[in-house]
Amino acid sequence: MPRRDYPVMSMQQPFEHTVTEHGPTVARVVRAVLGPGPDADDAWSETFLAALRAWPDLPEDTNVQAWLVRVAHRKAIDVTRGAARRAVPTDTLPERRATTGLPGSGEPDLWAAVAALPERQRLSLAYHYLGGLRHTETAELIGGTPAAVRRAAADGLRTLRQTLAPEGASR
Amino acid sequence: MTNDSTPTDLLDRLAAPTDLTGLHRLLELRAAQEGLLDVAYRTLDTPVGPLLLAATPSGLVRVAYEREGFDAVLADLATRIGSRVLLAPQQLDPAAHQLEEYFAGSRSRFELPLDHSLSSGFRGRVHAYLPQIAYGRTESYGEVAAHLGNPRAVRAVGTACATNPLPVVVPCHRVLRSDGSLGGYLGGTAAKTALLELEHAA
């Protein structure tokens, strides 16, 4: 992170406020990236543990939400790699996990449609529309040009709309 | 659920509120295990109203009455001790349990590690002395001052009691005016009366 060279000041607000304020956003992002389930839960916890470790040294002017979303991206990669190491061989795509009954995984059709998106569309959509990153920031995270990321996010959203609003819907 | 999905609808649905209780609990446990918390806290409903309980890894550091403003107390702890302040009720189970026993009349002294880092100087000496006033007994501000070898420090004892960071557990409610009248209390006089009645009845 480029701001690391700045003189650092402690973040003085109780950390609980940060969990309350940004916990839901990070949950949406990791659920969109990994699918609702244990992997997303792991990524969420790891994100906030990393935030606790870094908290005293984060500069006061840090955009906390954007910072958390970038950490969540890295933690999602870590979780995916861990899951790949643990995985038994299977033909099922990892993002197509069962969601029934897990807290926060209402609307299984919607989350299944998100999981079915090509990865770049899914990430571009998650980081911008759910995580609030600018397309340029997403491009720094996942590579590619900001314009390509913007298109991927828009394409992903259109695909979702088509999947979830079939012919005959009023709009 | 509707199929009538504009992008905004879709995003609203993806952003629907979710219950993070389970995730939060996992964070509390892991953060405590890894020693990442400066302060863990919870609230506890008691006969004198909700109390905020806060602990550092060294012990119970703060008990606060609601009238002090829990948000203000937590902000103060974040500034004075460290900002890694997390709602983590399990870390306060022993304190909560002993307080429940106290309010039930079945506990007359607290056996908890205490973190006195919010007390210093003469106030700290007063706070360290107060637990020596036995359950069900009272002393005057002047008697406390005399016990501390500074009989003229009556007002300073009053100030120390008014700024006790660990009320109930460190029993500043057992200190009264020399004429026997109640004196002030940071939890309000009704709370002070309730604690004294509880202890006299037991």
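**Around a helix and an interface**

Guide: Gladly! Just after α2(B), G35(B) takes a positive phi of about 65°. Keep in mind that this is a predicted model.

Visitor: How do you know that the span of helix α2 of chain B agrees with its number of residues?

Guide: The helix has 13 residues, 21–33, and at 1.5 Å a residue they should span 18 Å. Its end C-alpha atoms are 18 Å apart, so the two agree.

Visitor: Which residues of α2(B) are called buried, and what makes them so?

Guide: They are L23(B), H24(B), L27(B), E28(B) and A31(B). Buried means under 20% relative accessible area, so each of these falls below that cut-off. An α-helix has 3.6 residues a turn, so residues three or four places apart point the same way. On the other side of α2(B), G22(B) and Q33(B) are exposed.

Visitor: What covers the buried residues of α2(B)?

Guide: The cover includes α1 (15–34) and α2 (38–54) of chain A, together with β4 (85–87) of chain B.

Visitor: Why is the meeting of E46(A) and R30(B) called a salt bridge?

Guide: The N to O distance between their side chains is 3.0 Å. The cut-off is 4 Å, so this pair qualifies. Across the interface of chain A and chain B, the rule finds 2 salt bridges.

Visitor: How many residues of each chain are in contact?

Guide: 39 residues of chain A touch 33 residues of chain B. About 3400 Å² is buried between the two chains, with carbon and sulfur atoms giving 66%.

Methods. Residues are numbered from 1 along each chain as its sequence is written. Chains are lettered from A and ligands numbered from 1 in the order in which they are written. This is a predicted model: local features need pLDDT of at least 70, side-chain atom pairs count only at pLDDT 80 or more; totals for chains, interfaces and linings use all residues. Side-chain values use heavy atoms; hydrogens and water are left out. Helices (H or I, at least four residues) and strands (E, at least two) are DSSP runs, numbered from the N terminus. The expected span of a helix is 1.5 Å times one less than its number of residues. Buried means under 20% relative accessible area, exposed over 50%, partly exposed in between (1.4 Å probe, protein chains only). Contact means heavy atoms within 4.5 Å. Buried area is the accessible area (1.4 Å probe) that two parts lose on being put together, summed over both.
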